[in-house]
Amino acid sequence: MDRHLQASADVQRTSEEIRDEFLRFFEDKGHEVVPSASLVPEGDATLLFTNAGMNQFKDVFLGSGQRPYTRAVDTQKCLRVSGKHNDLEEVGHDTYHHTFFEMLGNWSFGDYFKQEAIRWAWELLVDQWGLDPDRLFATVHAGDEDLGLDADSEAADLWASETPINPDHILYEPSEENFWMMGNTGPCGPCSEIHVDLRTDEERDETPGRDLVNKDHPRVMEIWNLVFIQYNAQPDGSLERLADQHVDTGMGFERICAVLQGKSSTYDTDLFAPLLQATADLCPHEMVRGYDHVETEDDEERERVRIALRVIADHIRTIAFAISDGVMPGNAGRGYVIRRILRRAVRYGYQTLGLREPFLHRLVDPLVEKMGGQFDELAGQQEYIERMIRSEEESFLKTLGTGIDIFDRVTPYVGRVSDEAGDDQSVEDVVAEIRSDGRMMDLLQKAFVDADDREVMLRDFVDAARDGDVPGQIAFLLHDTYGFPIDLTQLMARERGLGVDMPAYDDLMQRQKERARSAAQFDVDQSEIHAWQEISSGQSSVFVGYEALSVDDAEIRAVREVETEDDPRFEIELDRTPFYAESGGQVGDTGTLQVGGETISVLDTQRQGERIVHTTDRLPTDPSGSVRATVDAERRRQIEAHHSATHLLHAALRGVLGDHVQQKGSRVGPDRLRFDFSHMQGVTDDELKTIERIVNERIQQNISTGEDRNVPIDEALDRGAMALFGEKYGDRVRVITFDPDYSVELCGGTHVGATGEIGLFRFLSEGSVAAGVRRVEAVAGGPAVDYVDEKLDELNAARRQFQSLQGPLHEEIARLQEQRDELADELESTRREAMAGKLDDVIASASDVDGVRCATGRIGEASMDDLQALAQQLRDRMGEESVGVLGSIDSEDGKVYVVVSVSDDLVGRGVKAGDIVGVLGRKLGGGGGGRPQLASAGGREIEKLDAVLAEAPDLVRENLS
């Protein structure tokens with residue numbers, strides 16, 4: 001261990017102990033220990049992932065939410081894949097940046113402020129954890145003339161008076177470093193950052209630490225940021241002081257572990273050591289025995305291995321935690337990010353460590369062993385996470401192998417064109433072979449998507465190949481479709497003495513990034529939201545909708561207007577309300593508010609922090625009057641039927657498919673229900689029938705709904721209640737039971753009084769929404785009856801189409817389909833025979849060209865495939881000393897085709913179909929080529945076909961001479 005770290009590491013702490021000591025330290029100072037929020041931000045469409053500790057408290061800072069506590073402490077799961085120091089492609093190449101990390105934080109909501117935050121930070125770092133005070137630096141805001149702020153001398157004075165820090169270690173920094181803003185407007189304030197200098201004494205003597213603070217030195221780093229939220233930024237750029245001042249702090253957990261464990265890198269800590277060693281143990285290379293035991297004399301190779309190990313150790317944390325929070329690898333949004341990270345890890349394992357079989361899923365176990373104690377959602381879903389990752393790995397490894405096959409098909413042609421670059425005819429011969437290689441042509445068409453036609457595509461391919469380069473379009477296809485990193489493509493090319501056309505590749509990558517940025521932009525509500533106007537004081541937003549669908553004499557607590565791009569909307573908060581605010585998948589209630597003589601329509605009900613907000617079509621003229629709030633009762637009943645059916649469905653799914661089934665999302669409305677759940681394959685028709693039967697049996701049993709409120713969460717879980725991962729629960733919960741042996745769930749939604757009220761349950765659809773996640777849609781109650789009636793009407797209408805049924809309807813339909821297919825085959829055969837019959841006329845009208853029969857003809861409407869087949873027949877029928885030229889038009893595609901056939905004996909005399917068709921193709925505004933015996937061309941100048949066919953005999957004569 002480095003001597004200069006010894007002071008902070010006299011007591012060797014595990015990461016678990018460090019995390020626990022942080023939480024307990026602030027708990028002892030009156031803070032509520034709150035669980036980490038999900039990596040998927042709740043109700044924040046501006047973020048792909050939770051990327052900071054403050055995300056879950058954003059509503060409090062914005063004034064739209066409250067908490068039952070004023071002090072909080074937590075460790076927050078965070079994920080960053082972009083921004084300064086967080087470019088995904090760079091993670092692993094240094095030893096201190098990560099995609100997934102934990103952020104330790106303590107919070108004050110209008111309670112304590114700078115004095116306590118500064119004093120407690122020093123107390124924890126120095127007095128409890130034993131950091132050397134001479135190595136600590138505190139930065140404060142230097143002021144900002146544009147913001148109208150003086151230097152934060154208050155914070156500087158508190159550092160000097162509340163702690164024994166060296167005064168020379170109190171540094172003033174500009175706004176870029178020490179002023180925090182949530183956005184262009186809203187809560188903001190100065191920061192005070194704590195930095196630690198981990199260099200050797202010799203290095204410190206040579207360069208003072210204060211000169212390296214905020215200079216991106218890897219050994220002089222920020223470890224804690226104390227944000228003092230005391231202003232509200234206005235649209236005009238001015239700052240208003242907040243009535244309530246807040247504290248928001250953030251300490252990088254991985255970084256403080258490295259400091260306290262005396263490690264020079266976060267990857268050297270016990271957070272990563274088990275993952276690094278487990279990966280090394282899987283590596284088949286004997287030289288790789290561990291992260292610090294790569295037995296090779298080649299320093300570059302050793303570092304390549306260590307980079308791969310770091311990438312994999314970092315990425316498995318991100319992948320597993322994201323999946324545990326409901327993010328499935330996919331092709332868009334969050335899922336695309338996780339799939340990209342997973343594939344990057346697999347590529348490094350495949351390319352550098354020689355791991356040819358799925359391996360990432362085997363790292364979940366050591367990850368759960370290390371972190372499952374803090375994060376229940378990880379341990380509780382371990383089997384599902386492993387299965388999901390393995391499925392993704394298996395799929396990607398198949399494409400990786402396919403990509404290698406593609407590379408092996410392309411590079412021989414590139415090499416031959418490069419070798420023959422000075423001989424145009426030899427290059428043209430290679431191109432002719434490419435034209436006749438169907439798989440190669442299909443591949444090029446996938447890669448050269450911007451080429452106007454096949455000839456342009458081939459020309460672009462040859463231009464790159466002449467220089468000895470794999471075309472950038474091919475490299476991009478390998479990257480984008482098959483997950484090849486560009487350095488892998490370059491390495492494989494170098495092994496064959498080739499390069500890669502990087503300008504073309506970079507251009508395509510840039511265009512993809514622009515598309516990705518556009519696709520990843522979450523819609524941000526640009527509405528102008530007016531401040532809440534307080535109407536009355538007292539308790540507010542008390543939900544009474546479990547017991548009643550209407551209340552009299554309610555009072556309006558606050559109103560506001562929200563201006564949108566369309567029509568303005570209005571929001572009302574009541575002291576008590578029967579309206580259910582959208583939550584847990586159940587949509588919000590609608591209905592009416594009667595205020596005085598006015599009836600106001602409630603269009604939706606949402607929860608904003610602690611407020612239950614009624615969205616209305618207008619505001620009352622006199623908001624101070626009493627309110628009669630009435631929920632649309634019929635709509636609520638349909639919602640309740642669908643919600644209770646969802647609980648019955650969840651239990652039936654687990655009973656039929658297995659206990660691995662976990663809810664991954666739901667939507668409960670008046671017209672239908674939608675339920676997403678973890679399952680690796682499609683649900684069969686027989687399984688769906690069984691599940692549907694079980695749900696309807698439970699409905700017919702008319703099971704009374706059991707409701708228990710304010711149950712301690714531990715007691716509820718002991719009862720077997722299903723807790724949904726990703727949902728936030730308090731210390732006391734509401735439990736909904738439909739038979740204790742069948743369905744017990746934590747739920748805040750509204751339900752029927754007994755299952756018989758549901759009436760009927762029917763599935764609408766089943767399908768996949770992401771890898772390992774299935775979705776079913778279903779209807780219950782009245783909508784289910786309507787659905788059955790609709791299907792019966794369809795069936796009866798279908799029966800009426802038949803004068804007399806010879807058997808069951810499905811058999812009659814199958815018989816008709818078989819007859820249709822037979823007729824289609826007969827029609828196609830007749831069409832081909834008709835085209836072949838035209839060859840008789842073409843052969844009969846053949847002309848003599850210097851002793852060679854030259855047959856030309858136009859075959860009406862025919863595709864290129866049809867024309868090539870006819871040309872081969874023509875060649876076979878005409879025999880030696882013959883040339884055939886056929887033309888056709890494909891009016892659907894707006895193209896014209898010609899095909900030339902040449903007998904073998906004429907090929908021996910130097911007559912080549914490719915030479916003739918090349919001239920004809922250019923005259924048609926296109927080009928073509930192929931084998932000497934048979935070649936084809938295409939163009940778009942349809943009107944020239946007859947003239948081109950008429951010129952064919954003269955071209956044959958030229959080639960004979």
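Two strands pair if DSSP finds at least two bridges between them. Helices (H or I, at least four residues) and strands (E, at least two) are DSSP runs, numbered from the N terminus. The model is predicted: local features need pLDDT of at least 70, side-chain atom pairs count only at pLDDT 80 or more, and totals for chains, interfaces and linings use all residues. Residues are numbered from 1 along each chain as its sequence is written, and side-chain values use heavy atoms, with hydrogens and water left out.

**View 1. The open sheet β27-β28-β29.** Three strands form an open sheet in the order β27-β28-β29, with antiparallel pairing. At its edges are β27 (706-712) and β29 (743-746), each of which pairs on one side only. On average, neighbouring strands of this sheet are turned by 25° against each other, direction ignored (axes are lines fitted to C-alpha atoms, for helices over the stretch in contact, and angles run from 0 to 180 degrees between N-to-C directions). β27 and β28 (residues 732-738) run antiparallel and are joined by five bridges. Aspartate 708 stands opposite valine 735 of β28.

**View 2. Histidine 643 in helix α20.** Helix α20 covers residues 633-657 and contains histidine 643. Histidine 643 counts as buried because its relative accessible area is 5%; buried means under 20% relative accessible area, exposed over 50%, and partly exposed in between (1.4 Å probe, protein chains only). Leaving aside neighbours within four places in sequence, histidine 643 is in contact (heavy atoms within 4.5 Å) with Gln586, Val668, Cys747, Gly749, Thr750 and His751.

View 3. Strand β34 spans residues 882-890, and nine of its nine residues are buried. In a regular strand the side chains alternate between the two faces of the sheet. From β34, Ser882, Gly884, Leu886, Ser888 and Asp890 point one way, while Val883, Val885, Gly887 and Ile889 point the other way. Strand β33 (residues 852-861) runs parallel to β34, and seven bridges join the two. Glycine 857 has leucine 886 in β34 as its bridge partner.

**View 4. The whole protein, for orientation.** The protein holds 28 helices and 37 strands. Its C-alpha trace spans about 110 × 90 × 55 Å along the principal axes. Of its 961 residues, 51% count as buried. Among contacts between residues at least 6 apart in sequence, 69% join residues at least 24 apart.
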